[in-house]
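Thanks for coming, everyone. Let me put the structure up, and then I will walk you through it.

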Amino acid sequence: MKAAAFRYGSIIAIVAVLLLGVVGYHLRAAAEDDLPRVEFNADNISPRPIEDLTSKSVPRDYALAWQTLAQALSGNKTGLLDGYFTGLAKQDFAQRINSQIKSGLQTKYTDHGHKLEAIFYSPAGDVMELRDHVQLDMQILDGGKVIYDQPVTAQYMVIMTPGADRWLVRQIQAMNGEKP
Amino acid sequence: MNRLLPIILALVTLVLIILAWFQSGGVERRELQSASAPDKAVQLMFSQIKSHNYDAAYARLANRDDVDKTAFTREFEGSYGSLLTYASLESFDVSPLHTGDQESSVRVRLHYSTALGPLDDVRDLKVQKMGDAWKVFWPVNNGTKLPPQVIAVNYLRWDVIGRGAGDDWGVQNADTPQVRILSMNAIQRPDSVVLVGEVVNEDSVPAFVNVGATLLDAQGNEFAQESSFDKIAHKLLPKQVTPYRIDFPGMRMEKIKNVRMDVKALLVAASADPVIEVNQQKLETDPLGKKVLTGELTDEGGQVVDIPHVIAAYYDANGKVIWVSDGYVAQPLLPQVPVPFAVDLPPDIAKNVHSYHVVVNHYDRVAS
Amino acid sequence: MRSLITTFLVFSTAISVMASEIHAPAQITAGKAITLQTSGSGDATFYLIGPAVASKSKVQAGGDIPIDSDRLEHAGRYVAILCASDGCTATNFFVSPAAANRLSFLVHPSRIPVGTSQGISAVAIVRDNFQNLVLKPEPVTFSIMAKDEKPVSAARNSENAFAWVRLTSARKEGPTKLGASIGHADEVRVVQQVAADACNLRIKASRDKHGFLIETDPVHDCSGNPVPDGTVVSFTESDSAGKTTVDVPIKRGVAKVDMPIDGRATITVASGVVTGNALEVSGGQ
């Protein structure tokens, strides 16, 4: 009787461990999948050449900014903007989320990747301008019902500035595709 | 049988009491109370100091008439917010230096635990036989104290008004100061890799400086990161130079392909006062046989410096920084009263030292 | 067959008349009110989603939907959705920035040593009244107003909303004003030009009651500008007893220190990375 209980207990424990492993793996994979893909190009940046460390942190922080933006707009959580947004960008998205809450709306993005091109880096290193060519699916929901679902290809002009330990999105403005 | 049991119980109780007395150091205490030997007298006195029983410790002095009890207590309890006011005597080691019939000398090494880490103090004490007991002859502190007076201080002070939280990003702000790493030298020590060098504040405003280093392997991956922590004078006045030292414990030089240095500076309010003079600097060997840089600090202003911190850079014949050592001074700096200091350096490095530069950092209750 | 085709045409025409649609103007400028035209009929819900807006309101399909100017202040992509009983229809439109009329003006550093080549950076970001980036080229006028000198100005065309210049600081210390203007915007920043490193640092010694008074000559940079008070000067005295160092800030143009000296001693002076002369003195009785 005891031996049988021990045997079944062991099997349950092994299965539980395996299940936890699978769930953990999937959660990790999901977290990695959530981070948008950003192809970064700083070949035409001027007048200041980009530093090695900056060329790594800008695309990383920009991807994290889009990840948190998607989470903030879908969950209507303004607090999530604090991590990677500042200035006008943070102010505008917070305004958008507050009006979404008021109207019972949600916006969901499925991000298909960004082509991010750095075009201006100030001589003092305190501001960078970038152009982002993004492809995403945008869904707008009213009370959980989808009222809009379309693929979007857009170009954004982005201003990023350095913070204490990361680059922050200060302004992001969609362009109508025309060359300025 | 009825009588035997109480007798057995009484005997067991007695044995237990004797055991407990031995266990709690009763023999030692008895021996110490008798102060029958010079080192025992010193040991007893410092045991009483350790347990803050200053009256009993003071009673052990041979020269009570010359030593003020309050001053004696302050030597261990600290004063003016000095480092000893944030410390406790953790342990001490007593070793006889010379033993005579009437007079002996004993060395005591005091180990304090302080808010800024461990602090060691070495004292050589004279012990005199008075009657049956040995008593400690405490060195009289004849340190001069400045008479009451007004000292006019008119050095510069810098205040900072920054951009307000509500101000637009484009509104001009006071820029962070320009600081520069003058040198960096990586040294392999038996148990660590140490980066030493100097930083200068090139600006015309004060800076709060910190130096960090990241170690990169052959593939360019970061694998260790440390900062200078307190081995730097953080607050630098315009054109002031400070040594810095960054330790990577357990690191080997072979693992390091590249080092990324990062100096961060903040614009801070500061005062050019107090000016601290570093006198009579000398490289010598201390009574314990260690190589030390000794000297005296004198506060030239009128403000008490609570916790002085000495940082020394050592150069070889080519002017390259080959070591940086630092130490906190237990006593406060009273205006115009010299206070000795000593910072040690490894003997293998000491033999290559050609010159040195000392800076004094300080932490004050009011200012910092 | 003919009747079948006729029935189909009539039915499809009826469907197309009844289905809701929404149309936006081709050109929309930030801060300007617009009217969206809709088709269809009956009660409907109108949604407007923009960079900083997400609103919902009840409308009548088939009528015009006015959108106030304050809801269109942010340039960028907007989505207008009309949901009626037959489903939802949407249109996307872009709001372009209004005319350039504001500047973000970033000038660095706020302090600079005199004669630093290309050391000052001035970056102007061209915006409209609503803080939108104006991406088409606009002429930005930069000007320099140095103390006791005539203002000098130059125009630079913005590129993707950014215009910038780099300047060399003057030979003379003091504040200089940098301006940037466009439309009604005229931003001014001040750069403090300070003396560079000390030049020809010299000390002299005189006896006083404590020993020797060691004093620098007035400390200047190589252009003759006085080095600011507060700058640290390090005095080092070496004699047979050891070494004494004092870091003294400059006060009223000079740095000085009292040093009690016994016997022969050498005194040296330095400020930052600049070293001065050495003095041999003999003290004591």
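**Loops, sheets and an interface**

I start with a residue in a loop. C:Q131 is buried, with 21 other C-beta atoms within 10 Å. The cut-off for buried is 20 or more, so C:Q131 qualifies. Keep in mind that this is a predicted model.

Where does C:Q131 sit? Its place is the loop between β10 and β11 (139-146) of chain C. Its backbone deserves a look too. Phi of C:Q131 is near 75 degrees, a positive value in a residue that is not glycine.

B:K239 is not a glycine either, and its phi is positive, about 70 degrees. It lies in the loop between β10 (235-236) and β11 (241-249) of chain B. Buried or exposed? B:K239 is buried: 27 other C-beta atoms lie within 10 Å.

Next, cis peptide bonds. In chain C, one joins C:H108 and C:P109, with omega about -5 degrees. C:P109 is in the loop between β8 and β9 (111-113) of chain C. In chain B, the bond from B:D273 to B:P274 is cis, with omega near 0 degrees. B:P274 belongs to the loop between β13 (270-271) and β14 (276-285) of chain B.

Stay with chain C for its sheet. Three strands form an open sheet, in the order β8-β10-β13, and the pairing is antiparallel. The edge strands are β8 and β13 of chain C, each pairing on one side only. On average, neighbouring strands here are turned by 15 degrees against each other, ignoring direction.

Now the pairings. β8(C) and β10(C) pair over seven bridges, antiparallel. In that pair, C:L103 stands opposite C:V126 of β10(C). β10(C) and β13(C) are antiparallel as well, over six bridges. There, C:I125 stands opposite C:F162 in β13(C). C:A124 stands opposite C:A163, again in β13(C).

How many residues of β10(C) are buried? Eight of its eight. Both faces are covered. One side carries C:I120, C:A122, C:A124 and C:V126. The other carries C:S121, C:V123, C:I125 and C:R127.

32 residues of chain C are in contact with 29 residues of chain A. Which elements give two or more residues to chain C's side? They are β3 (43-50), β4 (53-60), β6 (76-84), β7 (87-95), β8 (102-108), β10 (120-127) and β13 (162-167) of chain C. The largest share, five residues, comes from β6(C). By type, chain C's side divides into 19 nonpolar, nine polar and four charged residues.

Over to chain B. It has six helices and 19 strands. What is its radius of gyration, against that of a compact globule? A compact globule of 368 residues would be near 21 Å, but chain B has 27 Å. Its C-alpha atoms fill a box of roughly 100 × 60 × 50 Å along the principal axes. Of its 368 residues, 32% count as buried. Take contacts with a separation of 6 or more: 64% of them in chain B come from residues 24 or more positions apart.

Here is a sheet in chain B. Four strands form an open sheet in the order β1-β2-β3-β4, with antiparallel pairing. Its edge strands are β1 (87-98) and β4 (133-137), each pairing on one side only. β3 (residues 117-130) and β4(B) pair over five bridges, in the antiparallel sense. One bridge in this region links B:M130 to B:A133 in β4(B).

A helix goes with this sheet. α3 (residues 38-50) of chain B lies across β1, β2 (103-114), β3 and β4, running at about 175 degrees to β1(B). Does the length fit, or what should its 13 residues span? At 1.5 Å a residue, α3(B) should span 18 Å, and its end C-alpha atoms are 19 Å apart, which agrees. Its buried residues include B:A41, B:V42, B:L44, B:M45, B:F46 and B:I49. B:K40 and B:Q43 are also buried. After α3(B) comes B:H52, with a positive phi near 60 degrees.

That is my tour.

Methods. Residues are numbered from 1 along each chain as its sequence is written. Chains are lettered from A and ligands numbered from 1 in the order in which they are written. This is a predicted model: local features need pLDDT of at least 70, side-chain atom pairs count only at pLDDT 80 or more; totals for chains, interfaces and linings use all residues. Two residues are in contact if their C-beta atoms, placed from the backbone, lie within 7 Å. Ala, Val, Leu, Ile, Met, Phe, Trp, Tyr, Cys and Pro count as nonpolar, Asp, Glu, Lys and Arg as charged, and the others, Gly among them, as polar. Two strands pair if DSSP finds at least two bridges between them. Axes are lines fitted to C-alpha atoms, for helices over the stretch in contact, and angles run from 0 to 180 degrees between N-to-C directions. The expected span of a helix is 1.5 Å times one less than its number of residues. A residue is buried if 20 or more other C-beta atoms lie within 10 Å of its own, exposed if 12 or fewer, and partly exposed in between; C-beta atoms are placed from the backbone. The radius of gyration is taken over C-alpha atoms; the globule rule is 2.2 Å times the number of residues to the power 0.38.
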